[in-house]
Amino acid sequence: MTVARVKEKLMTHVGSNVSTMRLSLKDWDGALVAPMSDDTKMLGYYSPEDGWTIHINDIDAHSAPAGGGLEDV
């Protein structure tokens with residue numbers, strides 16, 4: 001699956017627009033492994049391991065999640 005397809009799937013869960021998502025791969029400790037900045041790359045390109053997470057940063061200042069708007073729901 002490409003990074004673009006991952007963003008499309010995440011959009012239905014988090015409400016952020018695909019065009020304003022910036023994804024980062026983080027390890028078990030939350031340390032940055034790699035920014036997932038190329039939408040054409042396959043997820044496997046980043047060699048994710050079990051337990052790692054994809055962090056979503058929504059750069060749209062007017063989106064529902066902006067400023068923690070959805071963190072206490």
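This is a predicted model: local features need pLDDT of at least 70, side-chain atom pairs count only at pLDDT 80 or more; totals for chains, interfaces and linings use all residues.
Reader: Let's start with the aromatic residues. How many aromatic pairs does a search of the whole structure find?

Author: A pair of aromatic rings is described by the distance of the centres and the angle of the planes. Searching the whole structure gives two such pairs. In one of them, the ring centres of tryptophan 28 and tryptophan 52 are 5.5 Å apart and the planes meet at 75°, so this pair is edge-to-face.

Reader: Which parts of the chain does that pair tie together?

Author: Tryptophan 28 sits in the loop between β1 (21–26) and β2 (32–36), while tryptophan 52 belongs to the loop between β2 and β3 (53–58), so the contact ties together parts 24 residues apart in sequence.

Reader: Is tryptophan 28 buried or exposed, and is tryptophan 52 buried or exposed?

Author: Tryptophan 28 is exposed, at 53% relative accessible area. Tryptophan 52, at 18%, is buried, because the limit for that word is under 20%.

Reader: Thanks! What geometry do tyrosine 45 and tyrosine 46 have as an aromatic pair?

Author: Tyrosine 45 and tyrosine 46 are edge-to-face, with 5.1 Å from centre to centre and 90° between the planes. Here, tyrosine 45 is exposed, with a relative accessibility of 52%, whereas tyrosine 46 is buried, with a relative accessible area of 10%.

Reader: Which residue lies over the face of tyrosine 45?

Author: That is lysine 41, placed 4.5 Å from the ring centre. Lysine 41 also takes part in a salt bridge with aspartate 38, at 3.8 Å from N to O. Both partners are partly exposed: lysine 41 has 27% relative accessibility, and aspartate 38 has a relative accessible area of 28%.

Reader: That brings us to charges. How many salt bridges does the structure hold?

Author: Side chains of opposite charge can pair when their charged atoms come close. The structure holds three salt bridges. Besides the bridge of lysine 41 and aspartate 38, there is one between glutamate 8 and arginine 5, whose closest N and O atoms are 3.1 Å apart.

Reader: Where do glutamate 8 and arginine 5 lie in helix α1?

Author: They are three residues apart in helix α1 (residues 3–14), which means that about one helical turn separates them. Glutamate 8 is partly exposed, with a relative accessible area of 39%, and arginine 5 is partly exposed with a value of 39%.

Reader: And with which residue does aspartate 39 form a salt bridge?

Author: Its partner is lysine 7, and the closest N and O atoms are 2.9 Å apart. Aspartate 39 lies in the loop between β2 and β3 and lysine 7 in helix α1, so this bridge ties together parts 32 residues apart in sequence. Aspartate 39 is partly exposed, at 30% relative accessible area, but lysine 7 is buried, at 5%.

Reader: Now the strands. In which sense do β1 and β2 pair?

Author: β1 and β2 are antiparallel and share four bridges. β1 and β3 also run antiparallel, joined by six bridges. Leucine 25 is a handy place to look: alanine 34 stands opposite in β2, and isoleucine 54 is the bridge partner of leucine 25 in β3.

Reader: Which residue takes a positive phi in the hairpin of β1 and β2?

Author: Glycine 30 does, with phi near 85°, in a hairpin that has five residues between the strands.

Note on methods. Residues are numbered from 1 along each chain as its sequence is written. Side-chain values use heavy atoms; hydrogens and water are left out. Rings of Phe, Tyr and Trp (its six-membered ring) pair if their centres lie within 6.5 Å; planes under 30 degrees apart count as stacked, over 60 as edge-to-face and the rest as tilted. Helices (H or I, at least four residues) and strands (E, at least two) are DSSP runs, numbered from the N terminus. Buried means under 20% relative accessible area, exposed over 50%, partly exposed in between (1.4 Å probe, protein chains only). A charge sits over a ring if NZ of Lys or CZ of Arg is within 6 Å of the ring centre and within 35 degrees of the ring normal. A salt bridge is a side-chain nitrogen of Lys or Arg within 4 Å of a carboxyl oxygen of Asp or Glu. Two strands pair if DSSP finds at least two bridges between them.
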